[in-house]
Amino acid sequence: MVAPQFHHLAGRVWLCPGDPDPEAVQAGVAVVADERGSVIIDAGQSPAHAGDIQAALAAAGLPEPRWLVYTHHHWDHVWGACAWPGVEIVGHETAVSLLRAEAARPSCCWATASTRRRHTCGDPRTASTSTWSGDCSTTPTTGTSPATPSR
């Protein structure tokens, strides 16, 4: 797996491309940054991936995200949401029911060889934590599902 790294595209726009390995199933993430903070586009495919994105943000010297925008409800764009505490989540109102259905699915349904890493994350909305060993015979109990948009 390629370590995420942000590349400046133009003006206030930065891109952290997805992993070129199709087996990795790791979507890209974009950032729009200014003096008020950053808008992060998509959450990452897992809490671990979101942590890698956070490290790449810091390495690029980009401001902390204040907003998280979901482009759509697919797991590889939203399952890292619990690793972004304190951000306002923005998405289209028609996605709310899809995101609730996605949140009800156990994350082991989506596990691949590249995503079977240890996931530990606190859910900022419930202040609970979950640890998942990556064993697909078990399911994390809380803290790894996507959050619904606040607006």
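Select Ala-103 to begin; this residue belongs to helix α3, which covers residues 96–104. Helices here are DSSP runs of H or I with at least four residues, strands are runs of E with at least two, and both are numbered from the N terminus. Is Ala-103 buried, partly exposed or exposed? Its relative accessible area is 26%, so Ala-103 counts as partly exposed; that class lies between buried, under 20%, and exposed, over 50%, with a 1.4 Å probe and protein chains only.

The model is predicted: local features need pLDDT of at least 70 and side-chain atom pairs pLDDT 80 or more, while totals for chains, interfaces and linings use all residues. Residues are numbered from 1 along each chain as its sequence is written, and side-chain values use heavy atoms, without hydrogens and water.

Next, display the whole protein. It contains three helices and eight strands, arranged from the N terminus as β-β-β-β-α-β-α-β-α-β-β. Of its 151 residues, 44% count as buried. Among the contacts (heavy atoms within 4.5 Å) with a separation of 6 or more, 58% join residues 24 or more positions apart.

Move on to residues 7–10 and 13–16. These are strands β1 and β2, which pair in the antiparallel sense over three bridges; pairing requires at least two bridges found by DSSP. Which residue of β2 stands opposite His-8? It is Trp-14. The two strands form a hairpin with two residues between them, and in the turn Gly-11 has a positive phi of about 50°.

Then select Ser-46, in the loop that runs between β4 (37–41) and α1 (47–60). Ser-46 has a relative accessible area of 3% and is therefore buried. Its side chain reaches the backbone nitrogen of His-49 at 3.0 Å.

The buried residues of α1 include Pro-47, Ala-48, His-49, Ala-50, Ile-53, Ala-56 and Leu-57. After the helix comes Gly-61, with a positive phi near 75°.

How values were computed
A polar contact is a pair of N or O atoms within 3.5 Å; within protein, one must be able to donate a hydrogen and the other to accept it, and residues adjacent in sequence count only if both atoms are side-chain atoms.
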